[in-house]
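Me: I am new to reading protein structures. Could you walk me through one, a feature at a time?

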Number of protein chains: 2
Amino acid sequence: MSPAPGPRPGGRSARIQQAVHASTRKLLDERDRADITVPMIAADAGVTPSTIYRRWGDITEVFADVALERLRPDATPRETGSVRGDLVAWAQDYLEEMSSPVGRASLRDVVMSGDTVRSGDGTNQFKCATFCRTQIEAILGRGEPVGSPVQGVVEHVIDHVVAPIIYRILFDLDPLAADRVEVLVDQALDAAVRV
Amino acid sequence: MSPAPGPRPGGRSARIQQAVHASTRKLLDERDRADITVPMIAADAGVTPSTIYRRWGDITEVFADVALERLRPDATPRETGSVRGDLVAWAQDYLEEMSSPVGRASLRDVVMSGDTVRSGDGTNQFKCATFCRTQIEAILGRGEPVGSPVQGVVEHVIDHVVAPIIYRILFDLDPLAADRVEVLVDQALDAAVRV
C-alpha cells in the first residue's frame, strides 16, 4: 500500500509522516534494517503502532516511503551551457548518489515495496522512475533541440543512461565506471537523432 | 546469507534443499508472499524450522534462493545463423521470461536478498547477472567476431540490452516494447565496434 494521498502541510497527518520518517531514518542510522520493527518506530515517533499499520500497511512500506523521500531530487539539474553537458553532469551526479550506500539501500527499499497496483502511476517504483524523467525533461526543455520529440529523447536517455546505472548498482559487483557516462549520453543522443 | 557451498547431489543436504524449494514454490502458488512463514515451509517440507534458519538465515534468503533457481537459464541460447540474430532471439526470450509475473517476482526476490558480501561473487544479485553474461558469452563465442575483445562486447550488451529490459520491469509501468529489442542489440553491437 502507498501512503494515503498527500497530507496537508502542517496538518496532523503531515506531522505524523514527518515524525515517522525522522524516527525511521534515525533507527536506520543506528542499527540493522532487519532489527527494526514497527513498534520501535512508533515508540520513537510518539505514535501508536496501529497508526503506522493503518497508514503504511507494513514496515516494508515505511522503509520505501522514507527511501523515496531520499531519492527525490532536491535541486534542478546543473546548467553547463549545453544539453549534452547538462545530461552528462546530471548523470554523473545521479550515478554518484545512487551508488552510495544510502542511495543503493534506498533503491532496494523501493524495489521491495508492494506493487500490485500496476495499472496506475501509484507504485513507489514508478515514482522513482518519474523523478528521473522529470529531471531529464527539464534539461531537454532548456536548450537546442536534440532530435525527435522530447518524450522520445527522454526514453532513449532512460534506456541508455539511467538503466545501466541502476542495473549495475543493483546486480553487479561494481557500479558503472564514471568515465562511461559521457559515452552513454552520446549514444542516447545518437539514438534519438537516428529515429 | 547464501546457502552453504553446493550440496552433494543426492546427499542429505541436497534433499533438504529440494524439499524446501518445492514447498516454497507450492506455497507461493497458493498464497501471498507476505503470508508465508519459515515454520509453514518447514512443516510442508518435513524439516524443522531451525534447519531452515541455520541454512538460509531468514525467509528473504529462502525466497531469493528459489527465485535464483527460477532465473537460472535451462537451455543454451537458440541458434539463428548469426551472432546478431542469436542476440536478438535471446534478448526477446529474456524479456518475455523476466516480464512474466513469476520472472518479475523472482527478480524482486533476488534484489531483496542480503548483499553485505560485496567484495566476492557470492551475492544472489551477482549470480543473476552472471547468468546473463554466460548466455551472451556463449552466443559471442559461436560465430564471426563482432568487435573488440569478447568481454567488452558482453558489457555493451549488458548496458544497452539487459539493463533497459530489467530497469523497465522493476521501475516502469510497462516492460520494454518487444520491437525495441532489435534496435538495442544493434546499438550494443555498434558501440562495441566503435570502441
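Reply: Happy to; we will take symmetry, helix packing, an aromatic pair and one annotation in turn. Keep in mind that this is a predicted model.

Me: Let's begin with the two chains. How should I think about the way they are related?

Reply: In general, two copies of a chain are related by a rotation about an axis and a shift along it.

Me: Now helices. At what angle do H4 and H7 of chain B cross?

Reply: The axes of H4(B), residues 59-71, and H7(B), residues 124-140, cross at roughly 5° and come within 10 Å. Angles under 35 degrees count as roughly parallel, so H4(B) is roughly parallel to H7(B).

Me: Which residues of H4(B) and H7(B) meet?

Reply: From H4(B) come Glu61(B), Ala64(B), Leu68(B) and Leu71(B), and they meet Asn124(B), Lys127(B), Cys128(B) and Phe131(B) of H7(B). Sorted by class, this contact has five nonpolar, one polar and two charged residues.

Me: How do H6 and H8 of chain B cross?

Reply: H6(B), residues 101-112, and H8(B), residues 150-171, have axes that come within 10 Å and cross at roughly 90°. These two helices are therefore roughly perpendicular to each other. H6(B) contributes Arg104(B), Leu107(B), Arg108(B) and Val111(B), while H8(B) contributes Ile166(B), Ile169(B) and Leu170(B). By class, the contact holds five nonpolar, no polar and two charged residues.

Me: How many aromatic pairs are there over all chains?

Reply: The search of the whole structure gives four. Take Tyr167(A) and Phe171(A): their ring centres are 5.1 Å apart and their planes lie at 20°, so the pair is stacked. Both residues belong to helix H8 of chain A, four residues apart, which is about one turn of the helix.

Me: Last one: what does the annotation on residues 37-56 of chain A say?

Reply: The unreviewed UniProt entry labels them "DNA-binding region". In the model, that span is 80% helix and 0% strand, and its end C-alpha atoms lie 13 Å apart.

Technical notes:
Residues numbered from 1 in each chain as written. Chains lettered and ligands numbered in written order. Predicted model: local features only at pLDDT ≥ 70, side-chain atom pairs only at ≥ 80, totals over all residues. Heavy atoms only, no water. UniProt positions renumbered as here; feature names shortened; annotations may be inferred. Axes fitted to C-alpha atoms, helices over the stretch in contact; angles between N-to-C directions. Parallel < 35°, antiparallel > 145°, perpendicular 65-115°, else oblique. Contact = heavy atoms within 4.5 Å. Nonpolar A, V, L, I, M, F, W, Y, C, P; charged D, E, K, R; others polar. Phe/Tyr/Trp six-rings, centres within 6.5 Å; stacked < 30°, edge-to-face > 60°.
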